Amino acid sequence: MMLHTRIPAVLKFLRRRLWQVAPVVFGIALLNFLILQLAPGDVVDVLAGEAGAATPEYMARLRADFGLDRPVPTQLYHYLKHTVMLDLGFSFRQNMPVLQLILERLPATLLLMIAAMGVAVFSGLVLGVISARFAQRAADRVISIFVLVTYALPTFWLGLMAIVLFSAKLGWLPSSGMTDISVELTGLAHLRDVARHTLLPALTLATFYLAVYTKLIRTAMLEYFGADFIRTARAKGATETRITLFHALRNALLPLMTMLGLQLGSILSGAVLVESVFSWPGLGRLAFESILARDFNLLLGILLFSSVMVTVLNICVDVVYAFLDPRIEL
Amino acid sequence: MYLALLKELLRNRAAAAGLAILVLAAAVALFGHFWFPGDPWEMNAAPMLWPGEDPANPLGTDLMGRDMATGLVSGARVSLMIGLVSALISAFVGITAGALGGFYRGWVDAFLMRLTELFQTVPQFVLAVVLVAIFKPSVATATFAIGIVSWPPTARLVRSEFLVLREREFVQAARTLGMGDLRLIVTQILPNALPPVIVIAALNIAHAIQTEAALSFLGLGDPNVMSWGAIIGNGREQVVDAWYICGLPGIAIVFVVLAFNLLGEGLNDALNPHLAAK
């Protein structure tokens with residue numbers, strides 16, 4: 001197709017958009033600094049003291065580093081300098097640099113998010129298409145009640161109930177972790193093991209978005225069923241199935257992508273909760289551990305890093321969007 | 001006007017069901033302690049009694065032998081209060097930011113929009129967690145944190161309404177009469193921009209209740225207050241043996257959130273009839 005002709009445009013777009021990550025980092029760093037300023041105690045108390053494991057020498061060095069004896073603008077300058085150089089500090093609880101901790105946990109979170117989004121988008125498409133195709137009929141009504149209920153389910157509670165039913169009562173799936181730690185598996189068996197562990201958390205995280213996408217696809221498709229290009233397709237003698245799948249659905253994918261981009265932050269938030277329910281070794285679990293340990297420097301690092309991740313993923317969504325709709329200029 | 005709106009809502013079956021659940025939840029929150037008096041923290045029975053096992057504790061007891069029904073009543077009060085107040089905070093911040101940006105445009109608008117985008121990029125729940133953890137968990141910090149992370153959609157909505165309304169003739173007329181900016185915003189434009197804001201506020205309450213429960217579940221609830229999320233968090237260690245401890249408050253959350261969502265959709269149909277056809 002015309003995909004290859006767009007690659008230079010995509011590269012140019014990426015270069016331009018990656019620059020937009022900088023203001024986000026700056027904004028979040030500013031926000032973090034504000035939170036630290038307003039927090040009870042001085043910055044170093046919050047960053048290291050609450051963690052309870054920092055040595056007095058380190059705290060003295062931190063105080064000098066942040067220039068706490070100097071005016072606030074100077075402090076801000078130092079804080080921003082550290083952040084921009086991606087120096088997110090050191091976690092005494094975990095005995096590791098914050099950035100390294102975060103990067104270690106990142107793949108697990110990405111796996112969970114991608115698996116959940118795959119499930120949500122696919123099932124949302126299927127349910128949305130069925131419910132638009134049979135609007136106001138029995139199938140549509142059943143789906144809309146399902147959507148209404150799933151929309152109201154708290155993710156973490158759904159996860160707990162899923163553990164009770166599928167892990168404890170039925171014994172189908174493991175309830176925690178990402179791999180079976182009792183056995184050493186390699187190759188295909190290892191992949192199978194990870195897949196089995198991913199299933200429950202991914203389904204749990206997917207539920208809410210599944211409801212959103214079903215509703216969205218249904219509305220978009222119903223709108224398109226009245227559009228001119230659908231009438232043309234009908235006049236050419238295309239079957240209803242072909243019209244539904246090729247003409248209406250393709251266009252309904254666009255609002256879906258927009259929604260997906262808008263919701264990346266919320267998906268990451270959802271992952272935090274789901275991970276702490278299923279002991280999934282990702283960023284969310286790390287955030288939960290840092291809350292328990294009152295390791296605020298780590299927590300602020302996670303906030304900064306996850307915001308950057310949302311921005312970067314958003315750029316990816318924009319690229320996919322442009323491939324789906326050739327009218328969009330990158 | 002409000003009576004007409006209520007009538008319209010009651011004609012809509014889904015919205016009426018939502019209202020009924022909310023009236024019930026409010027009644028439990030306000031008067032529940034007459035049926036289940038006492039301290040929700042008091043350990044006054046055998047632990048892990050299943051619902052119906054002992055008439056003295058109709059909904060059973062938790063891991064520490066605390067009465068579930070008393071805890072759920074306390075949770076209803078906490079959830080509804082935090083939901084309502086944080087939605088008010090979020091509406092106030094969102095309306096202020098959106099109104100100023102949409103009315104004055106220019107650099108005010110540019111600045112406020114960057115701020116809105118920043119708050120939309122940050123994963124909301126993670127920010128709420130950071131705020132509550134650093135400023136010490138309490139009802140006040142939870143309410144404030146939920147309000148402060150959830151205003152951007154309201155701001156965007158109000159801004160777009162203001163951008164359109166400020167050009168309308170009745171606003172021009174009021175301006176010609178010599179009305180000041182503040183009066184123009186509050187008495188002329190805002191009332192006309194409110195209907196969609198009311199809808200989003202109802203949905204915000206639902207979301208706030210879920211967020212509060214999630215915070216308490218992670219152990220970031222007020223240590224002196226028994227909320228639904230806290231009951232679930234306390235019961236999770238034994239969820240396999242006594243699932244009702246986590247189950248019951250979760251069902252309560254589902255019903256209240258569902259009710260606010262239904263109410264929101266009903267309000268949307270009633271207040272924006274031109275959209276109802278969708």
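Helix α11(B), with 29 residues, reaches 41 Å from its first C-alpha to its last, close to the 42 Å expected at 1.5 Å a residue. Because 22 of the 29 residues of α11(B) are buried, this helix is largely enclosed by the rest of the structure. The model described here is predicted, and each value given below was computed from it.

Chain B as a whole has eleven helices and zero strands, so that its elements, read from the N terminus on, are α-α-α-α-α-α-α-α-α-α-α. Of the 278 residues in chain B, 49% are buried. When the contacts in chain B between residues at least 6 apart in sequence are considered, 69% of them join residues at least 24 apart.

The contact between the two chains takes 36 residues from chain B and 39 residues from chain A. On the side of chain B that touches chain A, the elements that give two or more residues are α4 (106-121), α5 (124-134), α9 and α11 (243-271) of chain B. By class, this side of chain B has 26 nonpolar, eight polar and two charged residues.

The largest nonpolar core has 155 residues, and those with the most contacts inside it are A287(A), L299(A), I302(A), L303(A), A128(B), V129(B) and V130(B). Helix α9 of chain B, which covers residues 181-217, gives the most to this core, with 16 residues. For A128(B), when residues up to four places away in sequence are not counted, the residues touched are A145(B), I146(B), V149(B), T211(B) and L215(B).

In chain A, helix α5 (residues 72-84) has 13 residues and reaches 18 Å from its first C-alpha to its last, close to the 18 Å expected at 1.5 Å a residue. This helix, α5(A), is followed by L86(A), whose phi is positive, near 55°.

A pair of helices packed together is described by the angle between the axes and by the distance between them. For helix α10 (residues 228-235) of chain A and helix α11 (residues 240-278) of chain A, the axes come within 10 Å and cross at roughly 145°, and the crossing of α10(A) and α11(A) is right-handed. The residues that make this contact are F229(A), I230(A), A233(A) and R234(A) on α10(A), together with I243(A), H247(A) and A248(A) on α11(A). By class, the contact of α10(A) with α11(A) has five nonpolar residues, one polar residue and one charged residue.

Most residues other than glycine have a negative phi. In chain B, K136(B), a residue other than glycine, has a phi near 70°, a positive value, and the place of K136(B) is in the loop between α5 and α6 (139-149) of chain B. With 13 other C-beta atoms within 10 Å, K136(B) is therefore partly exposed.

Definitions and conventions
Residues numbered from 1 in each chain as written. Chains lettered and ligands numbered in written order. Predicted model: local features only at pLDDT ≥ 70, side-chain atom pairs only at ≥ 80, totals over all residues. Axes fitted to C-alpha atoms, helices over the stretch in contact; angles between N-to-C directions. Helix = DSSP H or I, 4+ residues; strand = E, 2+ residues; numbered from the N terminus. Left-handed = near helix turned anticlockwise from the far one by under 90°. Contact = placed C-beta atoms within 7 Å. Nonpolar A, V, L, I, M, F, W, Y, C, P; charged D, E, K, R; others polar. Core = buried A, V, L, I, M, F, W, Y, C linked by C-beta atoms within 7 Å. Buried ≥ 20, exposed ≤ 12 C-beta atoms within 10 Å, placed from the backbone. Expected span 1.5 Å × (residues − 1).
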